[in-house]
Amino acid sequence: MSKKPSISIIEVAQLAGVSKSTVSRVVSDRGGSVSPEAEAKVLAAIEELGYIRNHIAVGLRTQRTWMVLIMVPDIANPFWAETARAAQDGLEAAGYSVVIGNTDWNEVRQERYLGLARSGRFDGLILNSVTNDLEAIRSMRIPTVLLGERSENPCLDTVGTDTLAATRRALDYLWATGHRRIAIATSEYGSERFLSLRRRAYADFLAEKGLSLDPAIVFQIRLSEEGGRELARSILALPDWQRRIDSIFCGNDVLAIATIEALGEAGVIVGRDLSIIGLDDIPAAAHCRPALTTVRKQREKTGRAAAELLLARIADPERPFEKRLFPGELVTRESVAERRADQ
């Protein structure tokens with residue numbers, strides 16, 4: 001039978017031989033006492049007639065849109081793309097459609113998306129906020145999950161990587177492989193603007209190891225391909241850089257890979273002349289040359305957990321706030337050299 005564009009719930013009830021209310025309970029996700037036999041009849045009728053649930057009409061009755069907004073700072077970064085994809089899969093399995101918003105670390109863009117949320121177009125938000133005004137986000141009274149660590153006592157559900165521990169894991173590996181002149185390159189975007197977790201871990205590490213902090217090798221830079229080229233230029237512009245830097249921790253893999261490429265073009269061989277370690281373990285990390293040693297963030301777990309927390313918050317707005325931080329996993333490849341501590 002060909003599918004009609006506007007099958008009504010009454011037609012489904014007539015074909016199934018059940019009441020309209022029975023069909024409504026089956027398709028509205030409200031549950032109720034529907035027997036397996038009646039549910040099977042309704043589903044068979046829906047299949048035969050090609051009935052499509054009218055989410056707009058349902059939304060008018062239930063005050064829900066069945067839409068969720070996921071806001072990420074850089075959709076071109078595979079870490080954010082894969083995290084959003086995992087969250088989307090979890091939400092779609094629960095009947096929600098997803099809109100992806102790329103803020104590009106831009107506060108104006110973020111506010112534009114939040115304006116859409118305030119207008120009632122979304123049932124929930126998942127975001128890595130460009131600002132630290134989390135109370136303003138919470139005051140919107142929209143179920144929200146924050147991506148990335150931001151506060152010891154969050155006012156929102158939070159899911160992400162334990163950045164302090166992940167950074168320390170990278171630095172400890174550089175130390176274990178004999179590096180003592182360790183630089184850091186990270187940004188002041190996102191949570192780094194407010195918590196500076198990577199830099200905090202770096203400062204604590206240097207103090208513990210008795211190493212002095214050289215401000216000239218603490219690079220504040222955008223975590224992007226352009227940032228990698230800029231970082232390479234900055235390193236090469238340092239007087240006698242080979243004696244001041246033997247390794248560098250990059251705030252993400254996109255930055256690390258671009259730096260490796262730019263240094264290679266200048267004749268510097270990473271993994272021999274200079275060691276580089278990243279953070280994320282995006283797919284390209286295994287395929288650049290040299291392959292990048294990095295600390296893997298669990299992006300799929302992060303995305304799935306974000307979806308789980310948001311669905312739980314939608315179901316129970318008064319539940320206690322929850323914070324889930326996943327550990328990073330060291331992945332050793334070729335970009336970190338084994339060297340003697342006196343080199």
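Biologist: How many salt bridges does the structure hold?
Modeller: This is a predicted model, and the structure holds 18 salt bridges.

Biologist: Which residue forms a salt bridge with Asp104?
Modeller: Arg222 does, with the closest N and O atoms 3.5 Å apart.

Biologist: What about Asp281, which residue does its side chain meet in a salt bridge?
Modeller: The side chain of Asp281 meets that of Arg296, at 2.6 Å from N to O. These two residues are 15 residues apart and link distant parts of the chain. Asp281 sits in the loop between strand S9 (275–280) and strand S10 (293–296), while Arg296 belongs to strand S10 itself.

Biologist: Is Asp281 buried or exposed?
Modeller: Asp281 is buried, with a relative accessible area of 5%. Arg296 counts as partly exposed, at 27% relative accessibility.

Biologist: Which residues are joined with that pair into one network?
Modeller: Glu329 and Arg333 are joined with Asp281 and Arg296 into one network, through salt bridges that share partners.

Biologist: Then Arg272, what is its salt-bridge partner?
Modeller: Its partner is Asp273, with the closest N and O atoms 2.8 Å apart. Arg272 counts as exposed, at 52% relative accessibility, whereas Asp273 is partly exposed, at 29% relative accessible area.

Biologist: Changing topic, where is Thr158 found?
Modeller: Thr158 is found in strand S5, which covers residues 157–161. It is buried, because its relative accessible area is 2% and buried means under 20%.

Biologist: What does the side chain of Thr158 reach?
Modeller: It reaches the backbone oxygen of Leu156, at 3.1 Å. Leaving aside neighbours within four places in sequence, Thr158 is in contact with residues including Leu146, Gly148, Leu309 and Arg324.

Biologist: Where does Gln110 lie?
Modeller: Gln110 lies in helix H6, residues 107–118. It counts as buried, with 3% relative accessibility. Apart from neighbours within four places in sequence, its contacts include Met71, Thr103, Leu127 and Thr131.

Biologist: And Thr65, where is that found?
Modeller: Thr65 is found in the loop between helix H4 (55–62) and strand S1 (67–72). At 25% relative accessibility, Thr65 counts as partly exposed.

Biologist: Which residues is Thr65 in contact with, leaving aside its neighbours within four places in sequence?
Modeller: They are Gly120, Arg121, Phe122 and Asp123. A polar atom of the Thr65 side chain lies 3.2 Å from the backbone oxygen of Arg121.

Biologist: Last topic: how much space lies in the largest pocket?
Modeller: About 360 Å³ of space lies in it. Of the 15 residues that line the largest pocket, the closest to its centre are Arg138, Arg141, Arg313, Pro317 and Phe321.

Biologist: What classes of residue make up that lining?
Modeller: The lining of the largest pocket has seven charged, six nonpolar and two polar residues.

Definitions and conventions
Residues numbered from 1 in each chain as written. Predicted model: local features only at pLDDT ≥ 70, side-chain atom pairs only at ≥ 80, totals over all residues. Heavy atoms only, no water. Helix = DSSP H or I, 4+ residues; strand = E, 2+ residues; numbered from the N terminus. Buried < 20%, exposed > 50% of the residue type's maximum accessible area, 1.4 Å probe, protein only. Polar contact = N/O pair within 3.5 Å; in protein donor to acceptor, adjacent residues only side chain to side chain. Contact = heavy atoms within 4.5 Å. 1 Å grid on protein atoms, 1.4 Å probe; cavity = no way out; pocket = protein on both sides within 12 Å on 5 of 7 lines; lining within 4 Å. Points joined across faces, edges and corners; volume = space filled by probe spheres on them. Nonpolar A, V, L, I, M, F, W, Y, C, P; charged D, E, K, R; others polar. Salt bridge = Lys/Arg side-chain N within 4 Å of Asp/Glu carboxyl O.
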